[in-house]
Amino acid sequence: MTARALRLGMVGGGEGAFIGAVHRMAAALDGEWRLAAGAFSTDAGRNARTGDALGLDTRRVYESFDAMIAGERALPADARIDALAIVTPNHLHAPMAIAALEAGFHVFCEKPMAMSVAEARAIADAARASGRRFALAFTYSGYPLIEEARARVARGDLGKIRLIQAEYLQGWLSEPIDNAGNKQAEWRTDPARAGLGGCLGDIGTHAFQLAEHVSGLQVESVSAELTTHVPGRRLDDDVSALLRFAGGARGLLKASQVAAGEENGLKLRIHGERGGLEWSQMEPNTLVLRWLDRPAEIVRAGGPGLQDGTAKLLRTPSGHPEGYIEAFANLYRAFAAAIHGGDEDRWFPRVTDGLRTMLFIEAVIANAESDQKWTMVDPGENE
Ligand SMILES: NC(=O)c1ccc[n+]([C@@H]2O[C@H](COP(=O)([O-])OP(=O)(O)OC[C@H]3O[C@@H](n4cnc5c(N)ncnc54)[C@H](O)[C@@H]3O)[C@@H](O)[C@H]2O)c1
């Protein structure tokens, strides 16, 4: 029997916003989700126009998050939303996620998970108590060749892992556009809405999550520097960190939003005793493997030699490029499967990934502000 399409509500993602529209495309891609309700903006006009453009029933375009939770709860179970996508700035993630879970809805939340470790733990508690599913939008872990890389490392192809390097370079904050009306830049550089980290929370978390996810190893301690290059900016726009992983691997994390001219230069390199791998977000359908004792290999999305788990994440034959939206859609598919209670093999980032990234943010900040060479990263709990 085919599972019914799940009903999605959305908070944030109004006219002019960035990631909400990406969530809507990703959720819709495989027909497993249908947008049913939203509170898209605190600006009434933008909210109404967004709902109208998306063809929603006006009764389900709510004036606020609270009104949406109350309104949806009042509907019969076979009409109300199944899950809520939270695509607002960071300071709203925890209060909204907790309220939605407590009201009985599954939650797909944007990263960073929260403003602090304490808030992340409160979300974890609410998810556990509610029995509802909680997914986090660590988008890049939905790419098929990231799964390929993870599976190959896990089965030991590279041997014992020694080196892990993750970098995420953007250039869009090279100038003080935060003070010149750029909406996305404005809240990202405001500690009250972005959190303790600027670039660290915004894209450093992606690099960190990918490094731990693909290597299967946890960062145990960090030695870091946070820099603010643009005068007057209130949060870091540049991060450098040395990483010590469990088992002895050593790593580097570089994240910057002032790398002038860079787009979304997310790269991961992992080397073990026998070889290494390299993956780049801007060429996501190629995975390069290098070996100590034989020529390098190029693994292609849809090409020969893929692991079973990778093939499940592809939709088109090799050479027809799949990208960012499809990677995001893989997370929505896995989230839907978990809600339906089947296909538990489909992985998606969840509470543990979010908590780990919050623990990392706090450890980096503590280290950067101290004279200590190394700061431990709390292992966190299992979900
Ligand atoms: N997963 C990724 O790769 C990725 C990429 C970009 C952004 N993000 C994350 O997504 C979130 C949003 O980022 P963005 O770039 O889309 O920001 P944005 O400023 O473009 O959009 C934020 C939206 O939230 C709305 N909003 C704010 N407060 C609200 C409230 N109380 N009720 C309803 N709507 C409200 C705004 O009106 C706007 O429509 C952030 O947490 C960010 O870190 C993740």
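Reader: What are the ground rules on numbering and confidence?
Author: Residues are numbered from 1 along each chain as its sequence is written. The model is predicted: local features need pLDDT of at least 70, side-chain atom pairs count only at pLDDT 80 or more, and totals for chains, interfaces and linings use all residues.

Reader: How many residues are in the largest nonpolar core?
Author: 109. Ala97, Val107, Ile123, Ala207 and Val364 have the most contacts inside it. A nonpolar core is a set of buried Ala, Val, Leu, Ile, Met, Phe, Trp, Tyr and Cys residues joined through C-beta atoms within 7 Å. Buried means 20 or more other C-beta atoms within 10 Å, exposed 12 or fewer, partly exposed in between, with C-beta atoms placed from the backbone.

Reader: Where does that core lie, and why?
Author: Domain 1 (6-139) and domain 2 (143-319 + 346-369) both give residues to this core, so it lies between them. The domain bounds come from an automatic or database domain assignment.

Reader: Last one. Is Ala3 buried or partly exposed?
Author: Partly exposed, with 13 other C-beta atoms within 10 Å. The C-alpha atoms of Ala3 and Leu226 are separated by 47 Å.
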